[in-house]
Amino acid sequence: NEIKIFSPATVANVACGFDVLGFCLDNVGDDMIIRKTNKKGIHITKIEGYDLPYEAELNVAGVSALAMYAAIDVDFGFEIEIYKNIKPGSGIGSSAASAVGSVFGMNELLGKPFNKTQLTEFAIKGEALASKCEHADNLAPALFGGFTLVKSISPLQILEIPSPDDLYATIIHPQIEIKTSESRAILPKEVPLGHAIEQWANLGSLVHALHTSDYKLISNSLNDVVVEPHRSQLIPKFSLVKEAALIHGALGAGISGSGPSIFSLCKGLEAANKVREAMQNVYSKTDIAFDIHVSKIN
Ligand code: HSE
């Protein structure tokens, strides 16, 4: 009658794949409890960690749960408890974790009537509440794990992309909040053709490199000429952190989702830990508070 779940944090965009590519972190995320209740409807009964609305219609987890609830015909309801560890506005898929957690848990309690793509469809409604736009590049990796590519939103088509065995991510999160809706608003609506060509060459190459475990090609493909030049201005010391990661052996680095978190990819745990130290050294010399994680990409 109740299920406790871990809903993972995710890194969207991965430099060259704005709004389509993402990967899942294996050790950072929210805990949630979903419970069947006699009272019909969706009821958020507990929120710990951050101050978020209890009204289901105003809460990301609630909105995705309501979308799923409208698609089923049952004489009971669901209670949702949210133990939020991922800070909203941190750039590692906080809203996606909430949106995915409620529908994943409800689906389990219902005997899994929906597949993961259908769950993503419900979760998109919750995600849209936070970012004012329907995108699934955090939702898909949170539900499917590993790397995913969102081929299209309508109809929703998600591709699972393999991860090389030895691929690790280091994520540093300076403690400032950047709202996804705001960091989307600063992006130009048009992309010069030359930049578009470079970006899709990089994205195609990165996907190929992930399939073939070609670390050198991963490294050569992790570039973002479309979004990073604009958003990086919102992130304190972005260039220094990125440079520190690259100098100390990262395959590549960039903005995690809509920021302010910065990710880097590394071959092997030892390299990832070295890069972790280099990235954190940049913020340690300032008064910017931060947290940092190393995670294997499975
Ligand atoms: N692709 C989205 C963006 C992810 O960069 O705006 C943020 O959640």
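Reader: Which residues have the most contacts inside the largest nonpolar core?
Author: They are Val11, Ala65, Ile80, Val100, Val103 and Leu139, and the core has 88 residues. Helix α1 (residues 60–69) gives the most to this core, with eight residues. A nonpolar core is a set of buried Ala, Val, Leu, Ile, Met, Phe, Trp, Tyr and Cys residues joined through C-beta atoms within 7 Å. Helices (H or I, at least four residues) and strands (E, at least two) are DSSP runs, numbered from the N terminus.

Reader: How should I read the model and its numbers?
Author: This is a predicted model: local features need pLDDT of at least 70, side-chain atom pairs count only at pLDDT 80 or more, and totals for chains, interfaces and linings use all residues. Numbering starts from 1 along each chain as its sequence is written.

Reader: Back to Ala65. What is Ala65 in contact with?
Author: Ile42, Ala56, Phe78, Ile80, Ser102, Val103 and Met106, leaving aside neighbours within four places in sequence. Contact means that two C-beta atoms, placed from the backbone, lie within 7 Å.

Reader: New topic. Is Ser295 buried or exposed?
Author: Ser295 is buried, because 21 other C-beta atoms lie within 10 Å. The cut-offs are 20 or more for buried, 12 or fewer for exposed, and partly exposed in between, with C-beta atoms placed from the backbone.

Reader: Where is Ser295, and what does it touch?
Author: Ser295 sits in strand β10 (residues 290–296). Not counting residues up to four places away in sequence, Ser295 touches Leu25, Asp26, Asn27, Val28, Tyr168 and Ala169. Ser295 and Ala169 are 126 residues apart along the chain, yet their C-alpha atoms are separated by 5.3 Å.

Reader: Which strand does β8 pair with?
Author: Strand β8 (residues 252–255) pairs with strand β9 (residues 262–267), antiparallel, over four bridges. Pairing needs at least two DSSP bridges between the strands. Ala253 has Ser264 in β9 as its bridge partner. Six residues lie between the strands of this hairpin, where Gly257 takes a positive phi near 55°.

Reader: What surrounds the ligand?
Author: Gly257 again, along with others including Ala12, Asn13, Asp137 and Arg184. A residue counts as near if its C-beta atom, placed from the backbone, lies within 6 Å of the molecule.

Reader: How many residues of each class are in that shell?
Author: Two nonpolar, seven polar and three charged. Here Ala, Val, Leu, Ile, Met, Phe, Trp, Tyr, Cys and Pro count as nonpolar, Asp, Glu, Lys and Arg as charged, and the others, Gly among them, as polar.
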